Amino acid sequence: MKVLVTGGAGYIGSIVGALLIKAGHDVTVLDDVSTGHAENVPDGATFVQGRIQDAANVLDNSFDGVLHFAAKSLVGESVAKPDLYWRNNVAGTLDLLDALRKHGIKRIVFSSTAATYGAPETMPITETTPPQPTNPYGASKLAVDQMLTGEAAAYDLAAVSLRYFNVAGAFERYGEKHDPETHLIPNLLEVAAGTRESAQLFGTDYPTPDGTAVRDYLHVVDLADAHLRALEAAKPGQHLICNLGTGTGYSVREVLDAVRKVTGHPIPVVESPRRAGDPPSLVASNERAREVLGWVPERDLDAMVADAWAFRQKGSTA
């Protein structure tokens, strides 16, 4: 297939793009590199530097589909600047959908998020869990999911939304390079690398097996595999929503232990009270993804940490 990857210079988009190329697809990347990096564009891809609103000038009727990763994704920023998130994530995606209709492109895979669900009390989260986003970021992603449902019904679009939680790990020369970095594993690896003195552990009294919060982590390569499967599985006139998760998750202490084991560093920790709004557990059911996509996550927490650590070490010596 000939596909456009929006946001293909970012962490997840670049790895999906690289695996698409390995699978024999013709890939064009559209990215404004506002948060991504031009050097992350996969080898063999055509790169167009531009905003999502420029998609109409990039696409033509030779394209078979779009994988859409171009989004602002910082929860705190979305609260401080909600207009930025509505304009980019929602209005920008509407422009993208207009471009698909203009050129007769009938296939899209959307990078959605578990933030659409908010903080439900019942675990694991399934696709029938009522969405109740608690911030503009999650609300903007839910709005796009709702747009895709309508577009599929009205215009025979084949659409898939993949909702996932925490992503970790690396693939070859592609890995996390966020600024600011808000994810747990890369921040712990900064301690192991000696660029931070200690890690901060928020909350040790949650109603979980070890008292720390539980989150669902997926290796980025497993995540990318789900996107390639979704591209093939998308059916005209249908909008498929799939959660991607382990069904069990890992606690913060389990993540700490894995980082200590992989790096051999003690990772000093400063314990702090819970952060307001942090739920005890967020874990996704993956039953629908297993049944419809034939997808099963294969890489465990140790593999995520080991690959991320290898990437971090290469970056520090480059």
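Analyst: Strand β2 (residues 26–31) runs parallel to β3, and four bridges join the two. Helices (H or I, at least four residues) and strands (E, at least two) are DSSP runs, numbered from the N terminus. The model is predicted, so local features need pLDDT of at least 70 and side-chain atom pairs count only at pLDDT 80 or more, while totals for chains, interfaces and linings use all residues. Residues are numbered from 1 along each chain as its sequence is written, and side-chain values use heavy atoms, with hydrogens and water left out.

User: What is the bridge partner of T28 in β3?

Analyst: T46 is the bridge partner of T28.

User: Which sheet has β2 and β3 in it, and in what order do the strands come?

Analyst: An open sheet of seven strands, in the order β3-β2-β1-β4-β5-β6-β11, with parallel pairing. Two strands pair if DSSP finds at least two bridges between them. At the edges are β3 (46–49) and β11 (239–244), each pairing on one side only. From one strand to the next the twist averages 15 degrees.

User: What about the sheet of three strands?

Analyst: That open sheet has the order β12-β9-β14 and mixed pairing. β12 (250–251) and β14 (281–282) each have a single partner strand, so one side of each has no neighbour in the sheet. β9 (residues 214–215) and β12 run antiparallel and are joined by two bridges. R215 is opposite Y250 in β12.

User: Now helices. How do α1 and α7 cross?

Analyst: Helix α1 (residues 11–22) and helix α7 (residues 220–233) cross at roughly 60 degrees, and their axes come within 9 Å. Axes are lines fitted to C-alpha atoms, for helices over the stretch in contact, and angles run from 0 to 180 degrees between N-to-C directions. α1 and α7 are therefore oblique to each other; under 35 degrees counts as roughly parallel, over 145 as roughly antiparallel, 65 to 115 as roughly perpendicular and the rest as oblique.

User: Which residues make that contact?

Analyst: On α1, Y11, I12, I15, V16, L19 and L20; on α7, V220, V221, L223, A224, H227, L228 and L231. Contact means heavy atoms within 4.5 Å. By class there are twelve nonpolar residues, one polar and no charged. Ala, Val, Leu, Ile, Met, Phe, Trp, Tyr, Cys and Pro count as nonpolar, Asp, Glu, Lys and Arg as charged, and the others, Gly among them, as polar.

User: And at what angle do α6 and α8 pack?

Analyst: Helix α6 (residues 184–192) and helix α8 (residues 252–263) pack at about 40 degrees, with axes 10 Å apart. That angle makes α6 oblique to α8. L184, I185, L188, L189 and A192 of α6 meet V252, V255, L256, V259 and T263 of α8. Nine of the residues in this contact are nonpolar, one is polar and none is charged.

User: Where is the cis peptide bond?

Analyst: Between M123 and P124, with omega about -5 degrees. P124 is in the loop between β5 (107–111) and α5 (136–155).

User: And what is phi of V33?

Analyst: Near 50 degrees, a positive value in a residue other than glycine. V33 sits in the loop between β2 and β3. Most residues other than glycine have a negative phi, and most peptide bonds are trans.
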